[in-house]
Amino acid sequence: MSKKLILRDDEMPTSWYNVVPDIPNGLRPPLDPATLQPIAPEKLAAIFPMGLLEQEMSPERNIPIPEEVLEVYKIWRPSPLVRATKLEQALGTRAKIFYKNESVSPVGSHKPNSAVAQAFYNKREGIKRLATETGAGQWGSALAMATCMFGLKCKVYMVRVSYNQKPYRKSIMQTYGAEIVASPSAYTNYGRSVLERNPDSNGSLGIAISEALEDAVTSESTNYALGSVLNHVILHQTIVGQEAKKQMEIAGEYPDVVIGCCGGGSNYAGLAAPFVPDRLEGGKVRFVGVEPASCPTMTAGKLAYDSGDTAGMTPLLYMHTLGHDFMPPGIHAGGLRYHGMAPIVSALIRENIIEPINVHQMECFEAAVLFARTEGIIPAPETSHAIRAAIIEATRDLNEPKTILFNFSGHGLVDMAAYDSYFAGELHNYSLPREEIAESLSHLPKVE
Ligand SMILES: *Cc1c(COP(=O)(O)O)cnc(C)c1O
């Protein structure tokens, strides 16, 4: 095949693939945190549009993508599938390494695949404004762009440490017309309560989610939007895997292993899900999900019901978790610092379909720099975890002809401060003491 494979607009998939009905033993339902019973959809209708709630619980395998969403996707989709030939040469491996380049979206990551769909369904149901949280700023940027395209207002609660460290993400969101505040903020009761206890709080994704939820619950025309974890977000991301599968097929290839970095699990599940039925039918494809050793949700967390936010406002999800008040250390892959993992990814781990691994920050930056110097694109710190895992697979036996596919979830051009720190020798590895994980796991909601 040529260096890269690009589909025509009219070859883009026109439906999303819902993997839920294909997961052996299924998913456990989300629970109401007040009653610990399966949550009534009406309760969720206060913060999500019906269009998305239907997708969240849908038993259908294929869900058509609305024309309006396809039109926006076409600004950057179908995204290229690229063979990393120069990386292969540098590694001296016989493995073929392919990456699906999601960094070509306007904001530089996979996140608009869901942001655009979420903005569309909210607009269709008469919502005027969306509230959301953002950690490193990628989700906030994606939702800011998407809401602006559908004429909605957008308020972003940005984790304070990133708000101070990543001024360009703020600039991007402002350019799309979004309102951004540092979280914890004085705009919500929950934010004020955190600031009272700790005026210097750096914030966390869990706190920012609580603030955005409170904003949405207390305003009639405002809904809430989440950038990962939930079933409907992963559904939207399956455009990635469906395109990749088609592109591999045209190239006459099929992956032996499908790899992705996991924060909440959406980019990885989006790439992997369309290959899962092949595995269930006896195919040999392997699935490797990669997380940071400093936030080891899949590899050291527990599969249990837990809250998605710090205040305990979200439904309880059955997922791998480090505990909802877990405070991850300040590593540079901000998008991978979340205490929970998508119920879909968690169930695929339980069924021994996804193999979770964790890698350290320093080996990821090393992999990222090698990738930049061979393939030319500077990866997001999150994406570097997938690259590291691809390199591990490609170099385990240099003579084994294997085909590797990973998701290049985003570029790092707004994360250059992290690279500066790496080159200045200021970064180090960080493993969590087991006691710290045990402590936060001891606060899990008591279900059963
Ligand atoms: C947000 C983000 C991630 C992690 O989120 P998932 O939901 O696990 O995909 C990974 N890579 C990039 C570039 C991101 O912006």
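Predicted model: local features only at pLDDT ≥ 70, side-chain atom pairs only at ≥ 80, totals over all residues.
**Loops, a covered helix and an enclosed ligand**

Asn352 sits in the loop that connects helix 15 with strand 14 (354–359). Asn352 comes after helix 15, and its phi is near 60 degrees, which is a positive value in a residue other than glycine. Is Asn352 buried or exposed? Asn352 counts as exposed because its relative accessibility is 60%, and the cut-off for that label is over 50%.

Helix 15 spans residues 343–350, and seven of its eight residues are buried, so that the helix is mostly covered. Which residues of helix 15 are buried? They are Pro343, Ile344, Val345, Ser346, Ala347, Leu348 and Ile349. In general, an α-helix has 3.6 residues a turn, so residues three or four places apart point the same way.

A positive phi also turns up at Asn25, where the angle is near 70 degrees in a residue that is not glycine. Asn25 belongs to the loop between strand 2 (15–17) and helix 1 (41–44). With a relative accessibility of 68%, Asn25 counts as exposed.

Pro78 is in the loop that runs between helix 3 (67–73) and strand 4 (81–83). Pro184 is part of the loop between strand 8 (179–183) and helix 9 (189–197).

Attention now turns to the ligand. How many residues surround the ligand? There are 19 of them, and the closest are Lys111, Ser228, Gly263, Ser266 and Asn267. A polar side-chain atom of Lys111 is 2.6 Å from a ligand oxygen atom, while an N or O atom in the side chain of Ser266 is 2.7 Å from an oxygen atom of the ligand. Gly265 takes part through its backbone, with an N or O atom 2.8 Å from a ligand oxygen atom. Taken alone, the ligand exposes 380 Å², and the protein buries 98% of that area. The space that the ligand takes up is the largest cavity.

Thr132 gives a view of a covered position in a strand. This residue is in strand 6 (residues 129–134). Thr132 is buried because its relative accessible area is 0%, and buried means under 20%. The side chains of Thr132 and Trp139 are joined by a polar contact of 2.7 Å. Leaving aside residues up to four places away in sequence, Thr132 touches Trp139, Leu143, Lys155, Val156, Tyr157, Ala212, Tyr224 and Ala225.

Ser431, by comparison, is a loop residue, placed between helix 18 (416–423) and helix 19 (434–441). Its relative accessible area is 48%, so Ser431 is classed as partly exposed. Which residues does Ser431 touch, not counting those up to four places away in sequence? Ser431 touches Ala293 and His360. Ser431 and Cys295 are 136 residues apart in sequence, and their C-alpha atoms are 8.2 Å apart in space.

Conventions:
Residues numbered from 1 in each chain as written. Heavy atoms only, no water. Helix = DSSP H or I, 4+ residues; strand = E, 2+ residues; numbered from the N terminus. Buried < 20%, exposed > 50% of the residue type's maximum accessible area, 1.4 Å probe, protein only. Polar contact = N/O pair within 3.5 Å; in protein donor to acceptor, adjacent residues only side chain to side chain. Contact = heavy atoms within 4.5 Å. Near = heavy atom within 4 Å. Areas by Shrake-Rupley, 256 points an atom, 1.4 Å probe, with all protein chains shown as cover. 1 Å grid on protein atoms, 1.4 Å probe; cavity = no way out; pocket = protein on both sides within 12 Å on 5 of 7 lines; lining within 4 Å. Sits in = over half its atoms within 2 Å of the grid points.
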